[in-house]
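Welcome! Below you will find a few exercises with worked solutions. Take a look at the structure, try each task yourself, and then follow the steps.

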Protein chains: 2
Amino acid sequence: MSVLIVGSTALDSIKTPRAEHPRLLGGSASYAAIAASFFAPVRMIGVVGEDFPKKYLQLYRKHGIHLDGLQIKPGKTFHWSGEYEANMNRRRTLKTELGVFETFAPALPAAYRATPFVLLANIAPALQHHVLDQTRRPKFVAADTMDLWLNIALPDLRRLLRRVDLFVLNDSESAQLTREDNVIAALPRLHRLGPRYVIIKLGSHGSILSGPRGLFLCPAYPLPRVADPTGAGDAFVGGLMGYLAAGGGGIEARLRRALIYGSVTASFCCEGPGPSRLTRITRADLERRVKALTQLTRF
Amino acid sequence: MSVLIVGSTALDSIKTPRAEHPRLLGGSASYAAIAASFFAPVRMIGVVGEDFPKKYLQLYRKHGIHLDGLQIKPGKTFHWSGEYEANMNRRRTLKTELGVFETFAPALPAAYRATPFVLLANIAPALQHHVLDQTRRPKFVAADTMDLWLNIALPDLRRLLRRVDLFVLNDSESAQLTREDNVIAALPRLHRLGPRYVIIKLGSHGSILSGPRGLFLCPAYPLPRVADPTGAGDAFVGGLMGYLAAGGGGIEARLRRALIYGSVTASFCCEGPGPSRLTRITRADLERRVKALTQLTRF
């Protein structure tokens with residue numbers, strides 16, 4: 001089954017303590033779509049400007065990503081610049097130029113409306129609503145977010161949480177939203193906002209899934225060097241949704257392994273600037289790392 | 001088989017955002033010995049003053065801890081006061097009164113010299129050496145430490161690392177010792193200092209074991225409330241060494257499960273002020289939590 005993904009499509013200029021990378025392919029939808037493409041057909045919704053490099057369109061196509069929902073508008077592509085600190089756990093935004101994103105009105109091609117799996121990757125909650133409004137009875141809807149929307153669009157986000165099956169956020173966003181630092185104590189509060197499933201991402205410490213069958217502690221694949229963590233969270237949820245969409249049977253039965261596949265997909269994402277490493281791997285590379293992670297955690 | 005444990009034996013006065021607890025039983029040897037006692041006979045080496053409450057001696061005895069190596073000296077017991085921040089991940093020392101610890105010269109009863117498992121819990125590296133000098137061909141030696149010794153006794157600690165099988169430290173100590181923030185990249189550097197096995201503790205995120213058979217990612221048991229994390233690291237390594245000592249067969253075959261048992265022992269430690277919760281559980285409670293942790297991590 002297919003995954004519909006809406007999110008940002010951008011150019012990212014990234015500084016790390018080791019290097020500077022101008023105008024990489026960026027955006028939550030780009031990372032999530034590439035990650036999901038290893039498992040299932042992907043339909044991407046987004047907008048880019050006329051300056052968007054052809055090579056990035058080719059890259060989407062190389063991954064078999066359907067682009068009928070990608071608008072190319074007069075003007076400039078959304079451009080984000082950021083800088084990472086030495087330990088890669090903190091970053092600061094240097095510049096955000098919205099460009100064509102400022103007036104983005106996502107429109108679903110008719111053929112996309114009944115897509116069974118919907119990933120509302122990180123983007124303004126109003127746009128996430130707008131996409132969800134155009135879908136027809138999806139089987140499973142996941143939403144990601146970021147601190148910015150907690151700060152400036154909280155009512156929209158709260159309303160969204162009553163419409164999704166899975167909500168994905170990181171530990172600091174969880175603390176901000178629930179006013180509870182302990183992630184285990186925060187989980188019931190997050191469920192009370194609506195979603196049946198909640199995943200709290202813990203960066204290099206993995207993630208925690210909470211759902212009707214209790215908790216699952218999902219490990220991160222251990223990396224001796226993180227080149228650039230940009231997009232890792234998007235790749236995680238993209239890989240997860242791709243894996244879920246690819247399989248038959250119930251969600252519940254596949255969800256834990258879906259987190260594991262999301263986790264290893266995200267690990268590759270961290271190993272190169274932007275999505276450069278992620279776009280060079282194969283499904284077999286992912287399988288090898290899932291097998292390795294199994295070995296690393298068995299007791 | 002028995003475990004010999006040397007470390008501090010103290011009174012702890014602990015402030016948390018919720019409560020204040022004066023003169024609890026404290027010290028790395030106390031926590032480690034109680035934790036190990038669920039699995040194997042424990043021989044404790046330490047020193048207390050004449051002010052040391054009788055009820056704490058009774059508590060050691062209740063856990064079957066052999067006290068022939070516990071000196072009771074004229075003067076005051078080592079007293080530590082500390083305060084935890086709201087999220088419990090940081091603490092600051094308010095007062096340290098060494099008391100009888102200032103002149104502590106650990107002496108091994110003759111019957112203890114050939115104890116097969118030796119845990120050098122957190123204490124000055126010179127004292128750890130001094131105990132190790134008195135042992136006879138132990139089967140397995142583990143050492144724990146703290147940032148203080150990295151700051152004021154680094155040459156002693158480095159010399160110790162060439163004499164131990166397992167070195168246990170936390171992520172910030174690892175970063176300080178290796179000048180490498182990434183724990184996975186730090187591990188080879190730590191092995192180069194001597195120990196065949198290294199464990200880096202990650203607090204509520206679990207721990208990582210590195211050894212000849214590669215890495216093991218050990219989860220922490222998820223707790224919705226941490227009453228007091230004091231001694232959790234000591235309980236972890238105590239439980240680990242107790243479990244190792246209890247079993248037949250090789251170290252390598254039992255080590256992963258030993259970390260799991262250490263981890264759940266530490267989780268109980270966090271659930272009450274000082275060792276109050278740890279001293280009220282049974283082996284069956286530990287087994288239940290190991291089973292639960294297995295469920296929480298299976299995929």
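**Exercise 1. Find how helices α9 and α10 of chain B cross, and which residues make the contact.**

Step 1. Helix α9 (residues 251-269) and helix α10 (residues 283-297) of chain B have axes that come within 9 Å and cross at roughly 115°. Axes here are lines fitted to C-alpha atoms, for helices over the stretch in contact, and angles run from 0 to 180 degrees between N-to-C directions. Helices (H or I, at least four residues) and strands (E, at least two) are DSSP runs, numbered from the N terminus.

A word on the numbering and the model: residues are numbered from 1 along each chain as its sequence is written, while chains are lettered from A and ligands numbered from 1 in the order in which they are written. This is a predicted model, where local features need pLDDT of at least 70, side-chain atom pairs count only at pLDDT 80 or more, and totals for chains, interfaces and linings use all residues.

Step 2. From α9(B) come I260(B), Y261(B), V264(B), T265(B) and S267(B), and from α10(B) come L286(B), R289(B), V290(B) and L293(B).

Step 3. Sort them by class: six are nonpolar, two polar and one charged. In this sorting, Ala, Val, Leu, Ile, Met, Phe, Trp, Tyr, Cys and Pro count as nonpolar, Asp, Glu, Lys and Arg as charged, and the others, Gly among them, as polar.

**Exercise 2. Describe how chain A meets chain B, and how the two copies are related.**

Step 1. Locate them: in chain A, α7 (183-192), β13 (214-218), α9 (251-269) and α10 (283-297) each supply at least two residues of the side that touches chain B. That side of chain A divides into 14 nonpolar, four polar and four charged residues.

Step 2. Superpose the copies: a rotation of 180° with 0.0 Å of shift along its axis brings chain A onto chain B, with an RMSD of 0.0 Å. The two copies are thus related as by a two-fold rotation axis. Superposition is by least squares on the C-alpha atoms of residues with pLDDT of at least 70 in both.

Step 3. Look along the axis: in chain A, the C-alpha nearest to it belongs to H205(A), at 3.1 Å. The same surface serves both copies, as 100% of the contact residues of chain A recur in chain B.

**Exercise 3. Trace the strand order of the nine-stranded sheet in chain B.**

Step 1. Follow the order β5-β4-β1-β8-β9-β10-β11-β12-β13 in this open sheet of chain B, which has mixed pairing. Two strands pair if DSSP finds at least two bridges between them.

Step 2. Check the edges: β5 (66-73) and β13 (214-218) of chain B each have a single partner strand, so one side of each is left without a neighbour in the sheet.

Step 3. Zoom in on one pair: β4 (residues 42-49) of chain B runs parallel to β5(B), joined by six bridges. Here V48(B) stands opposite I72(B) in β5(B).

Technical notes. Two residues are in contact if their C-beta atoms, placed from the backbone, lie within 7 Å.
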